[in-house]
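Walk me through this structure, one piece at a time.

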Amino acid sequence: MEKVKRQSLKASFMKAVAITMLTVFLCSSFTIFGCYQFQKYILPDSNEVWLTQQITAQDGTVTEATQRFVLDKPSPFGRLEADNQERNETQEQISYIIERIDSSYSMLSSRAKMAYGASQICMVLLPLLFAVIGITICAWWFYHKTLEPPITVLMDATTHIQDQDLNFQIDFHGQNELGQLCTAFEKMRQTLYENNRQLWSMLEERRALQASVAHDLRNPIAIIMGYVEYLQENSQGGTLTDEKLEKALSNLSITAERMGCYTDTMRDLGAIEETEVHYTQAELPEFLQHMVDSLSVLFQNTEVRFFCNFHVSEGKVSFDRELLYRVLENLISNAIRFAEHEIELTFYLEHGILSATVIDDGPGFSEKLLRKKTALFYSEDTSGKHLGLGLAVSRVLCQKHGGTIELSNKSPHGACVKASIIIKQVKEGI
């Protein structure tokens with residue numbers, strides 16, 4: 001994978017400023033050079049001189065004649081004559097004076113002088129104008145190219161979060177500080193979304209628990225109320241015998257004991273929900289084999305045969321070993337109660353998920369129980385001795401380890417319970 005080079009906001013800004021300064025410098029240089037060439041074009045040549053010829057006559061009269069010449073372009077010239085001058089070549093003295101033209105601006109026409117002045121103004125104002133325009137364009141480009149996209153994304157994400165909507169995604173992958181901020185914001189959104197999902201799942205569990213409590217307490221309460229009415233009617237009618245009273249009190253005691261057992265179960269389940277997951281390292285499948293050897297003790301004094309299969313590759317992983325043992329102990333204990341001849345335990349490890357499937361050859365689950373996917377307790381015992389605490393505890397423990405409990409029936413008969421947890425692969429040397 002090619003490593004993407006990170007570029008900070010400071011580096012991007014300095015690069016934009018450097019490009020802007022270079023562009024302004026080049027434009028200003030071309031402008032000044034063009035104005036200079038224009039001035040040089042409209043001004044007379046600086047190599048031009050005035051050639052003045054003075055002629056002094058015998059009577060002392062001096063006449064002058066002037067003509068412009070270019071020094072770097074030699075050209076012959078004859079005698080200069082002043083206007084209305086009479087020639088007297090034998091008795092006059094001739095002298096020549098050469099003067100460099102110091103300022104050729106005075107030789108320009110009015111329109112040329114205006115053009116010359118405009119070019120001088122452009123040489124000063126245009127570089128300043130280029131600098132202002134360059135700074136403005138640089139600021140506009142840097143904001144719209146670098147700052148505006150992540151700011152817009154973050155503002156939109158903030159609006160979603162304020163509206164308590166976490167079902168969105170921050171799709172911005174810049175390599176500067178704002179890109180890293182968007183990535184951190186996306187991670188925060190994912191964490192909030194996961195926390196809310198878990199909180200919602202916990203609320204659903206609480207609702208299911210409340211519904212299960214209301215449903216399971218309804219029967220014993222109805223029984224108690226029925227016996228109370230029975231005792232009141234027979235007591236008022238004088239037909240309440242000692243035998244009837246003893247039978248009613250015995251049934252009331254059984255019902256009260258069942259309600260007490262249910263209350264203790266709820267308390268124990270609440271304590272299990274507070275259990276924390278502690279990750280420890282273990283070698284697979286060696287650790288699973290030791291666990292199976294320990295679970296084999298549950299089959300003492302029973303006629304049920306126990307088989308185990310491993311579909312687990314060798315390697316070191318990290319998970320809560322005590323949690324997995326408690327889950328398997330509950331599942332196998334429940335399976336022993338219904339199995340006729342044998343129980344099979346199979347381990348699978350796929351895509352970081354370790355699953356354990358317990359299959360017995362008993363009557364299996366009823367369709368009514370299989371449809372109760374949101375029920376907290378899985379039990380069909382009407383005697384009140386078994387409230388389905390083992391499966392309930394196993395489900396809570398698996399959920400705390402990122403897994404699930406799935407119930408199904410094996411064809412042609414038999415129950416199948418699949419418990420799964422998420423494990424962490426341990427790299428060698430760590």
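Helix 1 (residues 9-42) and helix 2 (residues 110-162) pack together in this predicted model. Two packed helices are described by the angle between their axes and the distance between the axes. Here the axes come within 9 Å and cross at roughly 165°. That angle makes helix 1 roughly antiparallel to helix 2. The crossing of helix 1 and helix 2 is right-handed.

Take one residue from this pair. V24 lies in helix 1. Is V24 buried or exposed? V24 has a relative accessible area of 15%, and the cut-off for buried is under 20%, so V24 is buried. What does V24 touch, leaving aside its neighbours within four places in sequence? V24 is in contact with P127, F130, A131 and G134. Now look at I133. V24 and I133 are 109 residues apart along the chain. Yet 8.8 Å separates their C-alpha atoms.

Step back to the whole chain. The chain has eight helices and eleven strands. It holds 430 residues, and buried residues make up 31% of them. Consider the contacts between residues at least 6 apart in sequence. Of these, 68% join residues at least 24 apart.

Next come the strands. Strands of a sheet pair through backbone hydrogen bonds, either parallel or antiparallel. How many bridges join strand 4 to strand 6 (residues 315-319)? There are five bridges between strand 4 and strand 6, and these two strands run antiparallel. Within this pairing, A282 stands opposite V317 in strand 6.

Helix 5 passes helix 6 in a right-handed crossing. Which residues make the contact? Helix 5 supplies F287, L288, M291, S294 and L295. Helix 6 supplies R321, L324, Y325, L328, E329 and I332.

Now turn to strand 8 (residues 353-360). Strand 8 pairs with strand 7 (residues 342-350) in the antiparallel sense, over eight bridges. Strand 7 and strand 8 form a hairpin with two residues between them. In the turn, H351 has a positive phi of about 55°. Strand 8 also pairs with strand 10 (residues 415-422). This pairing is antiparallel too, over seven bridges. T357 stands opposite K418 in strand 10.

Is strand 8 mostly covered or mostly open? Strand 8 is mostly covered, with seven of its eight residues buried. Look at S355, which is in strand 8. S355 has a relative accessible area of 7% and is buried. Set aside residues up to four places away in sequence. S355 then touches T346, F347, Y348, K418, A419 and S420.

Finish with the cysteines. How many disulfides does the model have? The count comes to zero. A disulfide needs two cysteine sulfur atoms within 2.5 Å. How accessible are the cysteines C122 and C182? C122 has 30% relative accessibility, so it counts as partly exposed. C182 is buried, with a relative accessible area of 0%.

Technical notes. Residues are numbered from 1 along each chain as its sequence is written. This is a predicted model: local features need pLDDT of at least 70, side-chain atom pairs count only at pLDDT 80 or more; totals for chains, interfaces and linings use all residues. Side-chain values use heavy atoms; hydrogens and water are left out. Two strands pair if DSSP finds at least two bridges between them. Helices (H or I, at least four residues) and strands (E, at least two) are DSSP runs, numbered from the N terminus. Buried means under 20% relative accessible area, exposed over 50%, partly exposed in between (1.4 Å probe, protein chains only). Contact means heavy atoms within 4.5 Å. Axes are lines fitted to C-alpha atoms, for helices over the stretch in contact, and angles run from 0 to 180 degrees between N-to-C directions. Angles under 35 degrees count as roughly parallel, over 145 as roughly antiparallel, 65 to 115 as roughly perpendicular and the rest as oblique. A crossing is left-handed if the near helix is turned anticlockwise from the far one by less than a right angle, and right-handed if clockwise.
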